[in-house]
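Trainee: Could we go through this protein together, with a question and an answer at each step?

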Amino acid sequence: MSPQIQSRRCLFLLFVVAAALLPVALSRDQLSTRECEALGFTGLALCSDCNTFAEVLIRELLCAELVSDCLKCCTEDSDDETSKITYSGAVLEVCMRKLVFYPEIVGFIEEEKDQFPSVKVQYVFNSPPKLTMLDEDGQQKDTIRIDNWKREHILQFLREKLKSASSK
């Protein structure tokens, strides 16, 4: 393929992505956590992550629909908003058979978990490691995949995001 045709193709895809992002950015129909998980978007994705995702898609000449779905599942990038979100509890969900592949999570469960009485461990067959964050009524609010997290990242996240026992 000639550089000129490739350049035109990139411009066309850039236009398609921009056209797809504009209505989404304006309407921002949020999807439920379950709908986002079904699309493959899990965790607390920030909208700036979706914009980075869009840049990669343009470079790789991929589909703009993925960016649209990403933007429907993201949280606005506001340090004030996201840093103030706290939860009453959490469920650490993991497959017992796959624990051998996650030594950092095993270390957390065996050595650190007792620091967090509001965190429960649940063994679910074939589940990737994830934290399900709970509100005051024990209802699921957010789900965060923690496959590649180090133990210190888990500790820091839980210290920042879980309400202390004194504030309940």
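This is a predicted model: local features need pLDDT of at least 70, side-chain atom pairs count only at pLDDT 80 or more; totals for chains, interfaces and linings use all residues.

Mentor: Residues are numbered from 1 along each chain as its sequence is written, and side-chain values use heavy atoms, with hydrogens and water left out.

Trainee: How many helices and strands does the secondary structure of the protein come to?

Mentor: Helices (H or I, at least four residues) and strands (E, at least two) are DSSP runs, numbered from the N terminus. Along the sequence, the pattern reads α-α-α-α-α-β-α-β-β-β-α. The secondary structure therefore comes to seven helices and four strands.

Trainee: Is A54 buried or exposed?

Mentor: A54 is found in helix α3, which spans residues 47-60. Buried means under 20% relative accessible area, exposed over 50% and partly exposed in between, with a 1.4 Å probe and protein chains only. Because its relative accessible area is 4%, A54 is buried.

Trainee: What kind of aromatic pair do F108 and F116 form?

Mentor: Rings of Phe, Tyr and Trp (its six-membered ring) pair if their centres lie within 6.5 Å; planes under 30 degrees apart count as stacked, over 60 as edge-to-face and the rest as tilted. By this rule there are two aromatic pairs. For F108 and F116, the centres are 6.1 Å apart with 35 degrees between the planes, and the pair is tilted.

Trainee: Which kind of pair do W149 and F157 make?

Mentor: W149 counts as partly exposed at 22% relative accessibility, whereas F157, at 11%, counts as buried. Their ring centres are 5.4 Å apart and their planes lie at 70 degrees, so the pair is edge-to-face.
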